[in-house]
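Hi,

Here is the structure I promised to pass on.

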Amino acid sequence: MTAATVSSAPQRTDVPDAPATRGSGAGRRPGTTILVTGILVVVAIYFLVPVYWVVVAASKTTDDLFGTNGFWFGNTFALFDNLAAVLTYGGGVFIRWFANSVLYAGVGGLLATYLAAAGGYALAKYQFRGRNLVFGLVLGGVLVPGTATALPLFLLFSQLGLANTYWSVLIPSLVSPFGFFLCRIYADATVDSSIVEAARIDGAGELRIFHTLGLRIMTPALVTVFLFQIVGIWNNYFLPLVMLSDQELYPITLGLNNWNSQTDRLPEFYELTTGGVLLSVIPLAVAMIVLQRFWRGGLTEGAVKA
Amino acid sequence: MTTTTTRTGATTGAATRPSSRPAKRRRTAVDRAPWILVGPFLALFLLTFVLPIIVAIGQSFTTVTRAGLFGEQGVTTGFAWFENYRIALEDGNFIASIGRMLLFGVVQVPVMIIAATVLALLLESASARWPGFFRATFFMPYGIPGVIATILWSFLYVPGLSPIIDLTETLFGFTPDFLGAGTVLWSIANIVTWTYAGYNMLIIVAQLKAIPPEVYEAARVDGAGPWRTAWSIQLPLIRPALVLTTVFSIIGTLQLFAEPQLLQTVSPAIDSQFTPNLSAYTTAFAYNDYNVAAAQSVLIALVAFALSFVFLRLTNRSSR
Amino acid sequence: MRQVTRRELLGWGLTGGAAALLAGCATPGTTSVNTQPVVPAAAGEKVTLTYWAWLKDLQKVADVWNAKNPNVQVQVSWIPGGNDGGYQKMYSALAAGGGPDLAQVEMRTIPEFMLVNGLVDLERYGVSEHADKFDQTLWSQVSFAGGVYGIPQDSGPVGMYYRPDLYEQVGVEVPTTWAQWAEVAPAFREAGVYIDSFPLDDTSAFTAHAMQAGAVWLRSAEDGWVIDMAGETTLEVARFFDQVIDDDLVTTAANPYTPGWYAAAAHDQIASLVSASWGDALLQSVSGAEGKWKVAPAPRWEHGYGSSFIGGSTSAVLANSKHPREAMEFAVWMNTDPEGIDAMIEHSGIGWSPARDYIGAAREKPSEFFSGQSYNTEVFQPATQQQNPDWQWWPITQQTFNILGDGFRRKATGGTLVDAVVAAEERTIEVFRQKGLTIRKAER
């Protein structure tokens, strides 16, 4: 990997936004500000249009959906009816799907982060045979699309009797080659060998050192890996599509696709689909907005050393 | 394990090994530790990445022959040299799908990365108001699964439902066809860009923030204006972030599945083999041809690997 | 000079061994349940059958049976439409050694399931004693090689929905032949209306037209399959529609029952729709359509039959079912007993009833939506007697349709339907051979 970096101290995780720290502080002309802000506003509209549309659409009945203008509300305000229908249809299957997604992403993300951290730390702080082989192998794993492995993995799991169970989606989600890569680099940069040595001399066991020292120092990278993995698992479509046939096990992506695929046969599913999309987009959007600050920290170091 | 230890102890004159000579027990524990730590990850990695590739390769060299109208008079499994690969490569649709993805990649990836870079630079410039709000807005689509984003945008593409089409009709008097044969690929590109531009932008922003203010000071002292600073100073310094985002985007392009599969129902222009992944999925689960599908999966993995590898090599070399 | 440790060797050995084992494992679907002994009937213990279908509210139909049969309970699971992912679910469940007892499998997909040994041959469970309860054409579509592989559930006899007001406005008669239909179409264009739409990617409509003209694309013979897709009958139909599309008499931009089509229909831009009986429920989604549409028999070709069919499903018993006999009995009840049929019409909105003598109580009455016309007894019931009885489906139906659809799509960029049909025939022969089946072209 290229080492063309400007490596500032890794402690820089929370740089303030004040523009005075960078750029030409004195040259803040109002004309440029308007131009820049204008561009940003237009771009923001582009990003927000579909979200706005789904809010409006979820408040309409199917007739209004086809009959009235998409950007403004319809003749009847049916938002709460639609949302109630979404939550109760099929015995509350929507809630089940949402809970499944939380399970896959939460448990998967947590364990994946832990395993990647352990592996990355091991590769960074120890010299052992096969170290480079392992790293190369895992790096290769980053470059292989997950979709190429899903089909044969399905055949494998079928033989093992694991297909169409929670495990069939959880087990592949526990492996994050990118997380491994990121943790190794971060551990290399931040976990000082002298601290580790000192702890050894004090009599601490290796695993203890990892859990108390290593994990603590690597926290910013762990947060990044965790978030990255959570979003990746939550958004994953191909893997559960191939593995799961039982509707009860579906994550929200498969579930909503289910409903969407019924719309041409049964037009009332338009309401359910738009309502379901709204209910899933809102918490995700909020989560992203709240969590986006955490992306800065670990990724700076990771990207910098890449 | 004693065997391992003595061998390691004897042959490794490891420079990084701490100078003090710990007791034999400690050395064993230290040698065992990395394998214990990396073991679970490695085991799962082998199971979920390496083994499936091996299975896929195995399946791609197998073939099935049937006797009778439906194989009711006997089915035999046999070794098929490169037959499945030949079938996959002779299938004009599969090759077209790979070509389509390369075209998509060549256009969409640079456009998205450039847009992300420009937005990052704008946001981090002195002239930006409310950068936090904009950053959050641009990043927000990343959390929306591709499936849901596609459902959303499909409503915005379909005539009769789409307010965008209504708007252009009233304002400009023409009806854009987002789902036609020539345009649907770019409509998909739009969805992908919408979803990931903000995320890539954030990675670049993170890298921008790592540039120490002294560099900016020095530039200002030298009389560099904002454009010059951006071009000569910021761009080269965010190069690692650009490389990272581009590699991921390349890999992502070859994985394209959910967007075309979902748009299939509303766009007649999307056939069942529109992207390589869709092709493999259709071959396996609609045509029940697991062997050819395995060959296709292996080919896709090879192409992805090769492209990323080449790109990384190129950027590595030119950075010297 | 790095020496391999024992542990590494063990690791690689295990991996290699496992890999070799798995790679050598059989491709899914290569052993047949129909060569195994017949599964005995359940000996009085309570049996729960699982049923995967995409019909709406099918559980309510099953509950009618459940109430009367405490020992055999049926549980329905909704899955996406067959070609929208439903069949993929079934194939992958079968490959994993599981799957439901019963599944909704379209008539045209039965041979595909047979190719992967996914269905139970119900002949071995005595289903022939029920054969005369079913419509003859449908029964022949589920019978192959001396066995019966599905219980017909519904079908879609073809008729023509039309707008009497638009026909009057333009001043033309409702056509009874395709030639007349092509003659009156230009008049509609002048009024800014399309007489119908032609879907370029959904080839089931074109197939129905070819079928109506008398074509039989594939049939099974003793020596294998015989294909006649690019015969004169089919090419005539292809030429006809090539001309019609070139003259802009039909729209190819809005497939029937898509949002774009609904919008166009609501704006009075579609004058008629040659489609199957199950279109009646879908037509009701057109905004403001109540009382504006009526039904007439489909236009005819010079030779061939009065009507055709589009779509049609069966209740099939899947290979890994542990109670095939009970599953069969439920399926026969649901699809022939008047109570079952009425329940399916009421709750699930099925297409045309498969029973020979019963079309469903609700369908015997006049329809408010269609301005009081008793369209089922007037149009669709007679249509079921005028269908092509020789038509057979084949093991790669979906793939052929996809190939044909790909070819049709090129019409938009200068290809022709005729070329598409000829190319599809060649490609279909190739695919048959790749699957290890014997096929030859018919003499013509």
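This is a predicted model: local features need pLDDT of at least 70, side-chain atom pairs count only at pLDDT 80 or more; totals for chains, interfaces and linings use all residues.

Residues are numbered from 1 along each chain as its sequence is written, chains are lettered from A and ligands numbered from 1 in the order in which they are written, and side-chain values use heavy atoms, with hydrogens and water left out.

Chain C: it has 16 helices and 12 strands (DSSP runs numbered from the N terminus: helices are H or I, at least four residues; strands are E, at least two). Of its 444 residues, 59% are buried (under 20% relative accessible area, 1.4 Å probe, protein chains only). Its C-alpha atoms fill a box of roughly 90 × 65 × 45 Å along the principal axes.

The interface: 43 residues of chain B are in contact with 45 of chain C (heavy atoms within 4.5 Å). The area buried between them is about 3,800 Å², with 59% from carbon and sulfur atoms (accessible area, 1.4 Å probe, that two parts lose on being put together, summed over both). In chain B, Arg66(B), Leu69(B) and Phe70(B) lose the most area to chain C, together 21% of what that side buries.

There is 1 salt bridge between the two chains (side-chain nitrogen of Lys or Arg within 4 Å of a carboxyl oxygen of Asp or Glu). Lys435(C) and Asp289(B) form it, at 3.8 Å, N to O. On the side of chain B that touches chain C, α2(B) gives the most, with 6 residues.

Best wishes

How values were computed:
Buried means under 20% relative accessible area, exposed over 50%, partly exposed in between (1.4 Å probe, protein chains only).
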